[in-house]
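Dear colleague,

Please find below the structure that I am handing over to you. My notes on what was found in it follow directly after.

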Amino acid sequence: TMLMLRIAQRRNEAPAEQVNYLIMGAKVPNPPSMTAKVQEYLTPLQWGAVCALKEVDPFKGITEDLELNVEAWREWIEFKDPEEQELPGDWQKKVPAFAKLLLVRALRSDRVTASLAAFINEYMGTRYMVQEPFSLAATFEDSTSQTPLFFVLFPGVDPGDDIEALGKKLGFTETLGNYVSISMGQGQEKNGESVLDRFTREGGWAFLQNVHLMQGWLPMLERKLEIAQEIGHPDFRCFVTAEPPGLPDQMLIPEGIMQAAIKVANEPPTDVKSLHRSALALFTQETIDHSTKPIAFAPMLFALSFFHSLVLGRRKFGFQGFSRAYAWNNGDLTVCAAILHNYLESNDETPWADVRYLFGEVMYGGHITDPWDRRITSTYLEVLLNPDLVDEKTDYLLAPGFRPMLEGKYSDYRTYIEEASPPESPLLFGLHPNAEISLLNSLGDGLFFTILSVGGGGGGAGGESKEDKVSAIQVSILEDLREDFLMLEIRLRIKEKGSPFVVFVLQELERMNKIVGAIRSQLNELALGLSGALNISDAMDALISAIFMNQVPPNWLKTCGQIGPTGTYNRKNLSAWYSDLQLRWAQLEDWAAPTKPVEVLPPSVWLAGCFNPMGFVTASMQVTARAKMLSLDQMRVHCEFTTVMPADIKAEVESQPEDGVHIHGLYMENARWDPEAFGIPDDLEVALGVKEVPNGSMADSKPKELYPYMPMIHLSSRVVDEAVPQEGGQCGGRFICPFYTTTVRGPTFVFAGPVRTNTPPNRWILAGASLVMQPD
């Protein structure tokens, strides 16, 4: 994409303002209101993007046409592949092929990567988009004694066999003594050094595996390779493998090695069929014949292989799949197969629960650090490995449209994968089709952020310099920035100084003063730097780059608690983040207003606008615990959805409830709340004799509706004995839903609450349903 943009700009076929829009994805923060007809087919984000697009030639009248030509635009937007369709009206003639990418970016961001691929194919040729199958022999031809080959390891891909086969073909084998493979680990330092020294002098192939495990020894490896560059025998080759770092900004391998080496990243396929084929290929007919109970063992091994392919394939959905990409490998599957064989042989009855526990909690679960991720893998095993699997009388399915094969030879199972596997879809993983839209959106955002980071900005600013643009933004932010809250005056008005809610709001006010003060001081200092009154420091330079790229400066995020050891949790650009900050201080202004006691909460608290949302939830639980004269650890969160939407709170809600609190500002991901769906009593209510409950239940997301807004929630606290269990089991009629501050999940977890559902909770667990406070 970067190459295409550079070529198109040099040919004057991509104006700077169009390239800027494509890369930056600009949106107007507060666009004019949409008409009723436009609201039927455009989201606020799409409308904000189009309002920014109308400032770019040739889209001057785009917003008016969207309001007038509703049906044609609706049809174009709803096409599966709008980039392949003609634009409505005269736009097909007015908009060149490159400019059409901007329209896709604004109205169908999930199709922007496909649009770019099609454009590059047409503009530059297919060889820039179609990757040839990996060939070690072809890669080897580019290597010399001065260039090691560095292989990035991925689960299911091991270059060892290919290297050994090529060595045998070219006359480098262990038998001849000119090929040595070493699995690096503790105590292997001397072996590695002696092999490198000998082959550097005499010629030979050194294969050093898993060097990421030898952090302390890597500088020595770097030095040995530098020596080989100077005096290495022509037949010397060094092959190195290492796993990729856990975080994008981590550097495990010394820079010198990476710069000198030919890097090979041969990623495995991520579709379920290919993964299932590879998983089953780890076994043979002998594996099945070795079991004295093949009627149970063969289908269970097949289902176990399918489970392995599901957890590997689910990772491609990013945070919706798992909170991090766990390094499951073929060894986990083969060990589980051995455990399955041993347990079947040792028990008269099939120990379903035992094998599920060992697979889900020990083998695969041993890699998992997040309990909500472990819940997903355990649920997969609960669905896949149960007595229905081997009962031909049931309508059991491994996945939609995929029945298990109950008996046959190993070759029959292999053939069954090729012939019966359903087409690739999020439904195979239990996810909603919308998950694919989120995946494509994140791929597009990642692509443009990479271009922006590498290029230091867009394709040009239409005559405006970088410093001028940053200066204008800096002035705009300072003009809108409020003064610090007067903490002394607020404290003097407080009567109940020990109230949990008072303690919470004071902490929020102090945090707001801290972030507002940091923004003010840094931008004032930046103004002096831009005017020449001060030298531009490294900190100022980083601030300039962040503001120019519309990114939130990391130290601002740190002050807000939106950045941590694993990176940033914020998913907003600077414009959206600052608008959000203004809404946060508006809520605090209302809460701490001199016209009412500070102890009195707003009728409903915008939980997403709190820097420490868990602090507010804890304060609510403390109030209930004190009223009941119980300890805090005896309290559990309980939630009920109301029928009041956030826009109607001011008109319909006068105050907080006597028991618990009202909260709003939450979005549901991978599901939605349907207030009209029939509600069913949960298990605890059934035990109390409750037969009817108000309508309302979780339901499948609507197509293309990624983050439906939730109604106001009544959050309360219950004693443990009376609360819906959240650990060690499920409660019928309730899904224990995790609440996150952002879609990064994992480290942004706040709390979990029981949400009503009229379908089994397993459905929402596999769908990755959650409530988030800040959608993408």
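**Charges and overall form**

The mean positions of the 67 positive and 99 negative charges of the protein lie 2 Å apart. Please keep in mind that this is a predicted model.

The secondary structure of the protein comprises 32 helices and 17 strands. Its radius of gyration is 30 Å, close to the 28 Å that the globule rule gives for 776 residues, so the protein is as compact as a globular protein of that length. Along the principal axes, the C-alpha trace spans about 90 × 75 × 60 Å. Of the 776 residues, 49% count as buried. The protein exposes about 37000 Å², and carbon and sulfur atoms supply 52% of that area. Among contacts between residues at least 6 apart in sequence, 73% join residues at least 24 apart.

**The strands**

An open sheet is formed by 4 strands in the order β8-β10-β14-β9, with mixed pairing. Its edge strands are β8 (605–606) and β9 (635–641), each of which pairs on one side only. Strand β9 runs antiparallel to β14 (residues 713–719), and 7 bridges join the two. One of the bridge partners to look up is V719 in β14, which is paired with M635.

Strands β15 (residues 734–742) and β16 also pair in the antiparallel sense, over 7 bridges. Here P738 has A752 of β16 as its bridge partner. The hairpin of β15 and β16 has 6 residues between the strands, and R745 in this hairpin takes a positive phi near 55°. Is strand β16 largely enclosed by the rest of the structure or left open? In β16 (residues 749–756), 7 of the 8 residues are buried, so the strand is largely enclosed by the rest of the structure.

T643 is found in the loop between β9 and α30 (649–652). With a relative accessible area of 73%, T643 is exposed, because the cut-off for that class is over 50%. T643 and R223 are 420 residues apart in sequence, and their C-alpha atoms are 68 Å apart in space.

S145 is located in the loop between α10 (136–141) and β1 (149–152). Its relative accessible area is 14%; S145 is therefore buried, as buried means under 20%. Leaving aside residues up to four places away in sequence, S145 touches A228, G232, H233, P234, F236 and R237.

**Backbone exceptions**

Most residues other than glycine have a negative phi, and most peptide bonds are trans.

- D57 and P58 are joined by a cis peptide bond, with omega about 15°. P58 is found in the loop between α4 (44–53) and α5 (62–68).
- N210 is not a glycine, yet has a positive phi of about 55°. The loop between β3 (204–209) and α13 (218–231) contains N210, and this residue is partly exposed, with a relative accessible area of 21%.
- K704, which is not a glycine either, has a positive phi of about 70°. K704 lies in the loop between β13 (697–699) and β14, and is partly exposed at a relative accessible area of 42%.

Yours sincerely,

A colleague

Technical notes:
Residues numbered from 1 in each chain as written. Predicted model: local features only at pLDDT ≥ 70, side-chain atom pairs only at ≥ 80, totals over all residues. Heavy atoms only, no water. Rg over C-alpha atoms; globule rule 2.2 N^0.38 Å. Buried < 20%, exposed > 50% of the residue type's maximum accessible area, 1.4 Å probe, protein only. Contact = heavy atoms within 4.5 Å. Areas by Shrake-Rupley, 256 points an atom, 1.4 Å probe, with all protein chains shown as cover. Lys, Arg positive; Asp, Glu negative; His and termini not counted. Charge placed at Lys NZ, Arg CZ, Asp CG, Glu CD. Pairing = 2+ DSSP bridges.
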